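User: I would like to go through this structure term by term, and to hear for each label how the value stands against its definition.

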Amino acid sequence: MAKGPRKHMKRITAPKRWYLGKLGGVWAPKPSNGPHAPRESLPLSILLRNKLKYALNYKEVQLITMQRLIKVDHKVRTDVNWPCGFMDIVQIEKTKENFRLLFDTKGRFAIHKVHTDEAAYKLCRVDKHWKGFKGVYHITTHDRRCLRFVDPRIREHDTVRIDLATGEILDHIKFEVGNVCMIKGGNNIGRVGTIVTREKHNIHE
C-alpha cells in the first residue's frame, strides 16, 4: 500500500465553495502545501481558469504560470496549485490587474479588483501572540507569517496592515467594540459589521 499523503483529489470531494461541476471530469486540482488550509483556499489553476477565464484548460494555466506572469503577495508563483486564500493579492503584470480575494455572504471566493496603491498592503489577523527569547515579542498571522519585534500592544484577534514589499507592519487595529470587522468563517462568513459587544467564556468550567 502506498505511503504518504495523497497527491490527488476527486472532484466530488472538492470544497463546495469552488463550485466545480460534477460532470466536468473525475479529478480536481489539489492545493499544494502553503500558507492556507486546503479547504480554506483556492488553487491558482481554478482562479485563472474558472474565475478569471484567462485559460481554457489546465495546460494553458501551466503555460501562463511558467512564464512567471502571476504574482501572489508580490512573489512570483509558478506552482499551478498554489493555495490563494483570504485577503491575498494576485497580480498579473501583463494586464496591469490586481485582485484581492474576499468572501461573499454565501462563503464563495469573491475576486475583488483593486488599485495598485491598495495592492501594496495586506490585512492579516493575529492568531497567536507571545514573548520569546530576550523578551522579543512575536506574532503569527492567519497566513502563517511569523513577525518579530512587534508592538507589545498587539494582541490575538487584532488586525495588522502589512507592507507586502518589505514584510513590515505599517499599523494595527484593535479587536474592540465599535470597530468594523469581516467574518471569515462559520455560518455568517463574508458578513461585514460593527462589533457591538464581546463575551468571555470560561471553557474550563
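User: Which residues does Thr65 touch, not counting residues up to four places away in sequence?

Analyst: This is a predicted model, in which local features need pLDDT of at least 70 and side-chain atom pairs count only at pLDDT 80 or more, while totals for chains, interfaces and linings use all residues. Residues are numbered from 1 along each chain as its sequence is written, and side-chain values use heavy atoms, with hydrogens and water left out. With contact taken as heavy atoms within 4.5 Å, Thr65 touches Leu44, Leu48, Ile70, Arg77, Thr78 and Val80, leaving aside residues up to four places away in sequence.

User: Why is Thr65 called buried?

Analyst: The relative accessibility of Thr65 is 0%, and buried means under 20% relative accessible area, with exposed over 50% and partly exposed in between (1.4 Å probe, protein chains only), so Thr65 counts as buried.

User: What makes the contact from the side chain of Thr65 to the backbone oxygen of Gln62 a polar one?

Analyst: A polar contact is a pair of N or O atoms within 3.5 Å; within protein, one must be able to donate a hydrogen and the other to accept it, and residues adjacent in sequence count only if both atoms are side-chain atoms. The side chain of Thr65 reaches that oxygen of Gln62 at 3.1 Å, which therefore falls within the limit of 3.5 Å. At the start of α2 there is another case, where a side-chain oxygen of Asn57 comes to within 3.3 Å of the backbone nitrogen of Lys59.

User: How do you know that the buried residues of α2 line one face of the helix?

Analyst: Helix α2 covers residues 58–66, helices (H or I, at least four residues) and strands (E, at least two) being DSSP runs numbered from the N terminus. Its buried residues are Val61, Ile64 and Thr65. Seen down the axis of α2, they fall within an arc of 90 degrees, so they line one face; the arc is that of the directions from the helix axis to the C-beta atoms. Lys59 and Met66, on the other side of α2, are exposed, and the cover over the buried residues includes α1 (44–51) and β4 (70–72).

User: Why are β12 and β14 said to stand at the edges of their sheet?

Analyst: Two strands pair if DSSP finds at least two bridges between them, and the order β12-β11-β10-β13-β14 describes an open, antiparallel sheet of five strands. β12 and β14 (169–173) each have a single partner strand, so one side of each is left without a neighbour in the sheet. Within this sheet, five bridges join β10 (residues 121–131) to β13, and the bridge partner of Tyr121 in β13 is Asp163.

User: What makes β4 and β5 a pair?

Analyst: They are joined in the antiparallel sense over two bridges, and the rule asks for at least two, so the pair qualifies. Lys71 stands opposite Val76 in β5. Both strands belong to an open sheet of five in the order β5-β4-β7-β8-β9, where β5 (75–76) and β9 (109–114) are the edge strands, each pairing on one side only.

User: How do you know that the aromatic pair of Phe86 and Phe103 is stacked?

Analyst: Rings of Phe, Tyr and Trp (its six-membered ring) pair if their centres lie within 6.5 Å; planes under 30 degrees apart count as stacked, over 60 as edge-to-face and the rest as tilted. Phe86 and Phe103 lie 5.3 Å centre to centre with 5 degrees between the planes, which makes the pair stacked. Phe86 is in the loop between β6 and β7 and Phe103 in strand β8 (residues 97–103), so the pair ties together parts that are 17 residues apart in sequence.

User: Why is the pair of Phe103 and Phe109 called tilted?

Analyst: The ring centres of Phe103 and Phe109 are 4.9 Å apart and the planes stand at 40 degrees, so this pair is tilted.

User: What is the phi of Met87, and is Met87 buried or exposed?

Analyst: Most residues other than glycine have a negative phi. Met87, although not a glycine, has a positive phi of about 75 degrees, and at 11% relative accessibility Met87 counts as buried. Phe149 also has a positive phi, of about 55 degrees, whereas its relative accessibility of 61% makes Phe149 exposed.
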